[in-house]
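Dear colleague,

Please find below the structure that I am handing over to you. My notes on its contents follow directly after it.

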Amino acid sequence: MQRWLIQIIMLSLLLFVTACGKPSGTDSHDNHSKTHNDHEAMKNHDKPMIHTQWSIKKPKANQSSSLTIRVTDHQGKPIPDFKTNHTKKMHLIVVKSDLSSFQHLHPQYQGEGTFDISVPFSEGGKYKFIADFVPKDGEQSIQTHWVNVQGKSKPTQPLKKEKRWVKKVDNNEVSLTLEKPIRANQEQMLTFHFKDTQTKKEITNLQPYLGAIGHVVIISEGAKDYLHVHPMDEKGTGPNAMFHTTFPKKGAYKVWGEFKRNGKEFTVPFVLNVL
């Protein structure tokens with residue numbers, strides 16, 4: 001009798017240990033599914049989440065061409081809506097390859113991820129389009145596209161170094177100063193100072209341009225690197241406008257400061273050399 005009881009107890013213990021050593025069928029399936037889904041997420045993360053399709057009708061010098069930009073996700077579905085970023089849903093920068101030409105445009109949103117605009121070209125050559133936007137449920141996206149424009153073009157010129165950063169546009173004298181020598185991957189403050197060319201007095205009546213005292217666009221020589229910088233104090237009116245940025249690489253960069261005064265927008269270009 002005792003032997004029989006001992007055998008039953010030992011058999012029960014053996015079955016219990018065996019059952020505990022195996023995961024249940026449900027848990028095993030859940031673990032497999034989680035690993036599979038994580039793997040798919042990693043693959044999708046490696047893919048560009050935003051795509052753009054560019055369509056422009058036969059661009060020619062001294063003409064305007066209709067441009068359509070369609071924005072989709074990685075599955076080809078149109079992005080349904082976009083955030084308003086500094087009063088616009090899309091900022092489009094158009095520059096010639098040697099940076100001799102600059103335009104800051106704002107395509108109109110037509111719905112279903114589609115933007116339209118007419119782009120004027122003063123001369124032929126190679127142009128880079130830079131679309132800057134923020135999907136409603138996403139982060140800022142920068143998309144680029146190159147276009148060859150037919151027609152006469154001036155010979156391309158390398159960026160010329162400037163020893164003095166003072167420019168006059170209309171009745172505005174704009175000087176650019178730096179807090180220190182510019183070095184790649186180091187923070188830098190760009191300060192624009194404004195004077196009236198006639199009265200020589202400091203300007204204190206700058207008006208909001210795209211919701212701020214001004215905007216600064218920076219592009220490296222060859223149109224490779226792009227920076228869009230917003231001011232430290234967006235509500236300022238002058239005589240200073242300060243912009244904080246970091247240049248990613250060594251080399252020459254062209255800087256366009258965009259401002260507004262007396263109801264008129266004006267753009268001031270400078271060339272900087274980054275060590």
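Asp 170 is partly exposed in this predicted model, with a relative accessible area of 45%; partly exposed covers values between buried (under 20% relative accessible area) and exposed (over 50%), computed with a 1.4 Å probe on protein chains only. Asp 170 forms a salt bridge with Lys 264, and their closest N and O atoms are 3.4 Å apart. Because Asp 170 lies in the loop between β9 (166–169) and β10 (172–178) while Lys 264 belongs to strand β16, this pair ties together parts that are 94 residues apart in sequence. Lys 264 also counts as partly exposed, at 46% relative accessibility.

On conventions, this is a predicted model, in which local features need pLDDT of at least 70, side-chain atom pairs count only at pLDDT 80 or more, and totals for chains, interfaces and linings use all residues. Residues are numbered from 1 along each chain as its sequence is written, and side-chain values use heavy atoms, with hydrogens and water left out.

The structure holds 6 salt bridges, each defined as a side-chain nitrogen of Lys or Arg within 4 Å of a carboxyl oxygen of Asp or Glu. Among them is the one between Glu 123 and Lys 96, at 3.3 Å from N to O. Glu 123 sits in the loop between β6 (114–121) and β7 (125–133), and Lys 96 in strand β3 (residues 90–96), so that distant parts of the chain, 27 residues apart, are linked. Both Glu 123 and Lys 96 are buried.

Another salt bridge joins Lys 249 to Asp 225, with 4.0 Å between the closest N and O atoms. Lys 249 is in the loop between β14 (240–246) and β15, and Asp 225 is in the loop between β12 and β13, 24 residues apart. Lys 249 is partly exposed at 47% relative accessible area, whereas Asp 225 is buried at 19%.

Strand β16 also belongs to an open sheet of 4 strands, ordered β13-β12-β15-β16 with antiparallel pairing. Strands here are DSSP runs (E, at least two residues), numbered from the N terminus, and two of them pair if DSSP finds at least two bridges between them. β13 (226–229) and β16 (264–274) stand at the edges with a single partner strand each, so one side of each lacks a neighbour in the sheet. Within the sheet, β12 (residues 215–220) and β15 (residues 251–261) pair in the antiparallel sense over 6 bridges. Ile 218 stands opposite Val 255 in β15.

Yours sincerely
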